[in-house]
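Welcome! Here is a friendly tour of one protein model, taken a few features at a time. Please have a look at the sequence and the structure before reading on.

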Amino acid sequence: MTPVCVIPVRPFDEGKSRLAGVLSPAERRALCVRLFDHALDIAVAAFGADTCLVVSRSAEVRARAGARGVAGLAERGGDLNTALEEAADAVSPRAMLVLPADLPLAGVADLHALCAAGGLVVAPDVHGEGTNALLLPEGVRIRFAFGPGSRRAHVAAARAAGLTVTLLRREGLARDLDTPADLARLGLSGVLPLARRA
C-alpha cells in the first residue's frame, strides 16, 4: 500500500511559538523551514513527489513544495484537524499518511514501517499521549483529533468504527519538537541533526 503522504504546515513565521523564550523570530522561522524541508525530503524519498501533498494556508509553503514537484493544497479551515479533513477529501479514497513537519529524527525507514504495520496505524509521541504520525488505510476515514490526548482519541475513533489499530513506537517518530526541553534534548543548537533518509 502506497499512501498519499500529507504534510500539514503552518506559515513559517507562525510556527514553534512555544520556543519564543529561547529562539528569536528569525531563528524560529529558520527552524520551521529546515524542519519542513526535512519532512519533504523523507516523504519524497519514501513515496515519490507525486504521492505527497502539502496542506497549508501559506502560499510560500506551497510554493516551496511545488519547487520539489509536490502538490500544495490551500487550507481553508482554521485549525490542523480541519485542514486534514480538507486533505482527506482531496485524496479520498486513497490511503493517507499524516506526517507532521516537526520530526527531526524521522527517516525513510520510519515511513516504510508505518506502511508495513497493518491496519490503521498511530505513532505516539514519546509520552504516549500525542499522535506524531497517522496512517489511514484505503477507504478509511475517522475524525481527526490532533491536540492534547490525540493518541487515545484516534485509537478510540478507530475502534468505534470497527477498525484494527496498530500502535507503532519508533524513536524517529516519537521525538517531536515543540518545547525548549525538546530543543535541549535533541541537541539542536543552530544545525538540526536530521536523520539519514534510510
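Keep in mind that the model you are looking at is predicted. By this rule, there are two cavities of 30 Å³ or more.

How much space lies in the largest cavity? The answer is about 60 Å³. Its lining is made up of A88, V91, S92, P93, R94, M96, L136, P137, G139, V140 and R141. Sorted by class, the lining of the largest cavity holds seven nonpolar, two polar and two charged residues.

The second largest cavity has about 30 Å³ of volume. Around this second cavity you will find L35, H38, A39, I42, L99, P100, A101, D102, L103 and A106. Eight of the residues lining the second largest cavity are nonpolar, one is polar and one is charged.

## A cis bond to look for

Most peptide bonds are trans. Which kind of peptide bond joins S92 and P93? The bond between S92 and P93 is cis, with omega at about 5 degrees. To find P93, go to the loop between helix 3 and strand 4 (96-98). Both S92 and P93 are also among the residues that line the largest cavity.

## The largest pocket

Now for a space that is open. The largest pocket contains about 1,200 Å³ of space. It has a lining of 44 residues, and K16, R18, L80, D102 and D178 are the ones nearest its centre. Helix 1, helix 3 (80-91), strand 6 (131-136) and helix 7 (180-185) are the elements that give two or more residues to this lining.

By class, the lining of the largest pocket divides into 19 nonpolar, eleven polar and 14 charged residues.

## Helix 1 and its partners

Two packed helices are described by the angle between their axes and the distance between the axes. Helix 1 (residues 25-47) packs with helix 4 (residues 108-116) at an angle of about 55 degrees, and their axes are 9 Å apart. Helix 1 and helix 4 are therefore oblique to each other. Their crossing is right-handed. On the helix 1 side, I42, A43, A45, A46 and F47 take part in the contact, meeting V108, L111, H112 and C115 of helix 4. This contact of helix 1 with helix 4 has eight nonpolar residues, one polar residue and no charged residues.

The crossing of helix 1 and helix 2 is right-handed. Here R29, V33, F36, D37 and L40 of helix 1 are in contact with E60, V61, R64 and A65 of helix 2. Which classes make up the contact of helix 1 with helix 2? There are five nonpolar, no polar and four charged residues.

How values were computed: Residues numbered from 1 in each chain as written. Predicted model: local features only at pLDDT ≥ 70, side-chain atom pairs only at ≥ 80, totals over all residues. Heavy atoms only, no water. Axes fitted to C-alpha atoms, helices over the stretch in contact; angles between N-to-C directions. Helix = DSSP H or I, 4+ residues; strand = E, 2+ residues; numbered from the N terminus. Parallel < 35°, antiparallel > 145°, perpendicular 65-115°, else oblique. Left-handed = near helix turned anticlockwise from the far one by under 90°. Contact = heavy atoms within 4.5 Å. Nonpolar A, V, L, I, M, F, W, Y, C, P; charged D, E, K, R; others polar. 1 Å grid on protein atoms, 1.4 Å probe; cavity = no way out; pocket = protein on both sides within 12 Å on 5 of 7 lines; lining within 4 Å. Points joined across faces, edges and corners; volume = space filled by probe spheres on them.
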